[in-house]
Amino acid sequence: MFRPKGKKRHSSSSSQSSEISTKSKSVDSSLGGLSRSSTVASLDTDSTKSSGNSTLDTCAEFKVKYVGSMEKLPFEMCRTLLEPPDLISYIDTAQQEGKLPFVAADEEIFLAVSKYGVRVASADQCDVLQRHPLYLVVRMLCYEDGLGAGRNLLALNTTDPKQQECSIWVYQCSSAEQAQAICKVLSAAFDSALASDTKS
């Protein structure tokens, strides 16, 4: 199992935080210029203590579907996507421009969240498809795609160790509850990492 050495998260991350807040916001969609209401689950600082095991000694796994990614974006662009509505609108525009598909691939994959970060593996878990160390995660949020199909998307924003580039990874969850559960587990991972930093 993937066990990279723990590293401190970069200080410029907007998600220095530990807990998840679920908010309903009106987001201007690029789809016809209409406004839609999306439930946004994001990592932020004004939080309460997370539920569950705060030490996060175990790895939580979820079956999701992979939509696509936009990799190696200029880091300065990430600074414009710090607010959930901005990130959602950016993904909407990318889908309209054909940079991201509207529909996820049929095959389910495993998304595992632990205190080490996020790991994505194939359906049979024989192949690791992606690894996102916790200290490189900038933000994770979930929202409904607003297309009327009830698709619940999970967006993961990561950076590189030198903070010169950033990437956006998009997954489709089976329900809003599952998407928010993934965010909450990641929030607990931040809790654990921050607690470890404090002790050290």
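A word on the source. The model is predicted.

Let's start with the overall layout. The protein has three helices and nine strands. Read along the sequence, the order is β-β-β-α-α-β-β-β-β-β-β-α. So much for the order; now the packing. The chain has 200 residues, and 48% of them count as buried.

Now the cysteines. How many disulfides does a search of the whole structure find? The search finds one. The partners are Cys-78 and Cys-166, with their sulfur atoms 2.0 Å apart. Where do the two partners lie? Cys-78 is in helix H1, residues 75-79. Cys-166 is in strand S9, residues 165-173. The pair therefore ties together parts that are 88 residues apart in sequence.

Next, the handedness of that bond. The torsion about the S-S bond of Cys-78 and Cys-166 is about 130°, so this disulfide is right-handed.

Are the two partners buried or exposed? Cys-78 has 5% relative accessibility, so it counts as buried. Cys-166 has 1%, so it counts as buried too. The cut-off for buried is under 20%.

Now look at Cys-142. Cys-142 is in no disulfide. Its nearest cysteine sulfur belongs to Cys-183, 4.4 Å away. The cut-off here is 2.5 Å.

Last stop, Glu-144. Glu-144 sits in strand S7, which covers residues 137-144. Is Glu-144 buried, exposed or partly exposed? Its relative accessibility is 36%, so it counts as partly exposed. Now pair Glu-144 with Ala-176. The two are 32 residues apart in sequence. In space, their C-alpha atoms are 7.6 Å apart.

To recap the cysteines. Cys-78 and Cys-166 form a disulfide. Cys-142 is in no disulfide, with the sulfur of Cys-183 4.4 Å away.

Conventions. Residues are numbered from 1 along each chain as its sequence is written. This is a predicted model: local features need pLDDT of at least 70, side-chain atom pairs count only at pLDDT 80 or more; totals for chains, interfaces and linings use all residues. Side-chain values use heavy atoms; hydrogens and water are left out. Helices (H or I, at least four residues) and strands (E, at least two) are DSSP runs, numbered from the N terminus. Buried means under 20% relative accessible area, exposed over 50%, partly exposed in between (1.4 Å probe, protein chains only).
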